[in-house]
Every structure is written in structure tokens, then in C-alpha cells.
Amino acid sequence: MSSIIIEQNIGKTFRNFRGKKFHALEKVNLEIEEGEFFVLLGPSGCGKSTLLRIMSGLDSSFIGSQTYKAGVDKKDFSFVFQQFALLPWLTVEENAGLGLFADHTLTAEDKKTVSGLLKTLGLEGFSHQYPRELSGGMKQRVGIARALAVKPKVMFLDEPFSALDSFTATALRKELLVLWNEYKMTVVMVTHNIEEAVQLADRIAVMTSRPGTIDAILQNTLPRPRDPRSPEFFAMVDKLTALVTK
Ligand code: ADP
Ligand code: MG
């Protein structure tokens, strides 16, 4: 395996309205391997979203060095947001095809891609509905379809399931794993949910706050599909809990 994203000594400082500095990230070192499912885990406020935005190229104001594998750039990335970020005036189909829009219309080929994805995500028949007509789970399915439509090399997800009820979140986690396998993409996901990290990740980076930095990176070798009631699963959860709360 080779690295697709390398972060070296990344730092990020915010200033409050009085000009006082706040070090949100300090000395973050990280290598994302191509094709892996990588999770950033840590408590609220530790800098997970800040780091994800930097890694994905949404935020270019930071210190340190960030390298993408040769031939890879921001165009190869897509993002799934916690609050779905759908455009309310566009239909499901148009939202899902947002990354493909050229001259504000979808080509026949784009429409085929989008309708295939909507079918895969269980949204067949909803193409012409608007976001307000959908449940949270359906909205996030559209968010995932939109992210996949551009055939990303890396998909970044920021707490994609934390606004959903637990049944919907469980179903969507399973679907995400299927899609990750099918699309052979790299996934970098943020969560504060330890069980979710153990369920999904190949590797887990544990972040601590003030300043936000990476404390440990754990390999998660539990065989897939993972059984959340197995002793090995609990052992991994315990290990991470100790790291997160120390
Ligand atoms: P997480 O995603 O882990 O909850 P964030 O990356 O959103 O954490 O934020 C990390 C820290 O940086 C927090 O203390 C937050 O208040 C601060 N922060 C985030 N964005 C900004 C901003 N635009 N301006 C000032 N402070 C910010
Ligand atoms: Mg966040």
C-alpha cells in the first residue's frame, strides 16, 4: 500500500474577536494509506473537523506540510457533512448530481450515474422529491450519493451519522462499508462514537484536545463483518475508551 495523503507537523491557529490566539491543532502527523478506511476519533472540540477540512483541501490556511500522492488533487475528493448540506431548492436527483453539473444541466450519462446511485441507496422513486420531503436518513443517503457521483478517490465524512437515530445510523454504516468495498476508494471519517470507529475502521487515530493533536494510531484487525457483541469488539472499545478518556 502507498500513502495517498501525508500530513507533517500540521498546525492551525484561530483568533477570537479580541485577537487572542487559540491553537486548534498542533504537530499533527498522519499518513493515509490508499484504499483504507481511516477514522479520526476524539471528543467534541478536539479539532477533528478542522483537521478533516485541511486534509480535504477545504481549508488551506494552516502551517506544516501536506502532500497528496502524485496525480491526486482536490478534484478527486468528496465530502459528506453531518447536517447533509443539501440545497433545498434542488430535487433529490439534482442534489445527488451536484458535483457533475456542467452548465447547470445533467447529461444523459450523468443522469444514468445518478439514478444508479439513487437505486443503490434505496432512493429509487424519490428523484423528483425535494429535501424537505425526506427523513434525515434519506437526506444523508442523498449526501452519500452526491459524494459518490464524482467517483472520488477519497471520500471524507464528518460525523455523517450522528444526526440520525440509531437504527438508521446502523443501516447506513453497513451501506457505507458495502460502497467502500465496491468503489475501492479511500475513506477518512470523523466520529466521536467509539463503537462506530471499531465497527468501520481499518485504523483509528485518537485525538486529544488543547491543543488538538494525535495521541495514538491503532490498527483495527478485527475480521469483517464485525460483531459488536464479540469479546474482541469489546476489548477494542475498552482500549480506545482508555485512550480517549486518559
Ligand atoms: P471537533 O470537530 O473535534 O468537535 P473542531 O475542529 O470543530 O472540533 O474545533 C476545534 C476547536 O477549534 C474548537 O475549540 C472550536 O471552538 C475551535 N474552532 C473551530 N472553528 C473555529 C473558527 N472558525 N473560529 C474560531 N475557533 C474555531
Ligand atoms: Mg466536528
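Begin by selecting Glu 175, which touches Leu 121 and Arg 141 when residues up to four places away in sequence are not counted; contact here means heavy atoms within 4.5 Å. The model is a predicted one, in which local features need pLDDT of at least 70 and side-chain atom pairs count only at pLDDT 80 or more, while totals for chains, interfaces and linings use all residues. Residues are numbered from 1 along each chain as its sequence is written, chains are lettered from A and ligands numbered from 1 in the order in which they are written, and side-chain values use heavy atoms, with hydrogens and water left out.

Glu 175 is found in helix H5; helices (H or I, at least four residues) and strands (E, at least two) are DSSP runs, numbered from the N terminus. Display the C-alpha atoms of Glu 175 and Leu 121: they are separated by 7.9 Å, although the two residues are 54 residues apart along the chain. Is Glu 175 buried or partly exposed? With a relative accessible area of 23%, Glu 175 is partly exposed, given that buried means under 20% relative accessible area, exposed over 50%, and partly exposed in between (1.4 Å probe, protein chains only).

Next, select Met 185, in the loop between helix H5 (166-183) and strand S7 (186-191). Met 185 has a relative accessible area of 1% and is therefore buried. Beyond its neighbours within four places in sequence, Met 185 has contacts that include Gly 35, Glu 36, Leu 148 and Trp 180. Lys 153 is also one of the contacts of Met 185; the C-alpha atoms of these two residues, 32 residues apart along the chain, are separated by 5.1 Å.

Now turn to the aromatic rings. A pair of aromatic rings is described by the distance of the centres and the angle of the planes. Rings of Phe, Tyr and Trp (its six-membered ring) pair if their centres lie within 6.5 Å; planes under 30 degrees apart count as stacked, over 60 as edge-to-face and the rest as tilted. How many aromatic pairs does a search of the whole structure find? The search finds five. Select Tyr 68 and Phe 77, an edge-to-face pair with 4.9 Å centre to centre and 90° between the planes. Then select Phe 79 and Phe 156, a stacked pair with 6.2 Å centre to centre and 20° between the planes. Phe 79 lies in strand S5 (residues 77-80) and Phe 156 in strand S6 (residues 154-158), so this pair ties together parts that are 77 residues apart in sequence. Phe 156 is buried at 0% relative accessibility, and Phe 79 is buried with a relative accessible area of 11%.

Finally, select ligand 1. The residues around ligand 1 include Phe 14, Pro 43, Gly 45, Lys 48 and Ser 49, where a residue is near a molecule if one of its heavy atoms lies within 4 Å of it. Helix H1 gives the most to this shell, with three residues. An oxygen atom of ligand 1 lies 2.7 Å from a backbone N or O atom of Gly 45. A side-chain N or O atom of Lys 48 is 2.9 Å from an oxygen atom of ligand 1, and a polar side-chain atom of Ser 49 lies 2.8 Å from an oxygen atom of ligand 1.

Methods:
A polar contact is a pair of N or O atoms within 3.5 Å; within protein, one must be able to donate a hydrogen and the other to accept it, and residues adjacent in sequence count only if both atoms are side-chain atoms.
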